[in-house]
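Morning, everyone. Let me put the model on the screen and walk through a few local features.

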Amino acid sequence: MENLTQNPQQSISAAFDSVNLINNSILKLVSDDNKSTVTRNVQHLEIMLSKEWFLEALTQQQLTDINSCIANGNSYTAEPIIEDIATEEV
């Protein structure tokens with residue numbers, strides 16, 4: 001059973017901390033560290049979206065922003081690591 005005392009607004013704020021971190025990370029070169037950060041935060045967002053109480057507390061715009069961020073994060077983590085590309089060219 002889910003914790004019904006959960007504060008949805010605190011959880012939404014924490015989710016948007018992840019959104020901001022992902023959005024900032026995907027502007028950087030692809031690296032193991034950045035991929036790891038993005039992956040962890042995408043997973044956090046996916047877990048939160050699986051909670052009914054969380055979904056019910058989101059506005060449509062917030063849901064759209066989170067889904068877009070997840071898609072962008074997944075695209076970023078699918079990219080090859082920049083160091084790997086440089087090694088392959090040598």
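Aromatic pairs come up once: searching the whole structure gives one. A pair here means Phe, Tyr or Trp rings, six-membered ring for Trp, with centres within 6.5 Å; planes under 30 degrees apart are stacked, over 60 edge-to-face, the rest tilted. The partners are tryptophan 53 and phenylalanine 54, with ring centres 6.1 Å apart and planes at 90°, so this one is edge-to-face.

Some housekeeping. This is a predicted model, where local features need pLDDT of at least 70, side-chain atom pairs count only at pLDDT 80 or more, and totals for chains, interfaces and linings use all residues. Numbering starts from 1 along each chain as its sequence is written, and side-chain values use heavy atoms, with hydrogens and water left out.

The cut-offs: buried is under 20% relative accessible area, exposed over 50%, partly exposed in between, using a 1.4 Å probe and protein chains only.

Next, proline 8. Proline 8 sits in helix α1. Helices are DSSP runs of H or I, at least four residues, numbered from the N terminus. Its relative accessible area is 28%, so proline 8 is partly exposed. Leaving out residues up to four places away in sequence, proline 8 touches Trp53 and Ala57. Contact means heavy atoms within 4.5 Å. Proline 8 and phenylalanine 54 lie 46 residues apart in sequence, yet their C-alphas are 6.1 Å apart.

Serine 18 is buried, at 5% relative accessibility. Its side chain makes a polar contact of 2.8 Å with the side chain of asparagine 41. That term means N or O atoms within 3.5 Å; within protein, one must be able to donate a hydrogen and the other to accept it, and residues adjacent in sequence count only if both atoms are side-chain atoms. Beyond neighbours within four places in sequence, serine 18 contacts Asn41, His44 and Leu45.

Last, packing. Which angle do α1 and α4 make? The axes of α1, residues 8–25, and α4, residues 60–78, cross at roughly 40° and come within 10 Å. Axes are lines fitted to C-alpha atoms over the stretch in contact, and angles run from 0 to 180 degrees between N-to-C directions. Contact residues include Ile12, Phe16 and Val19 of α1, and Ile66, Cys69 and Tyr76 of α4.

Definitions and conventions:
Helices (H or I, at least four residues) and strands (E, at least two) are DSSP runs, numbered from the N terminus.
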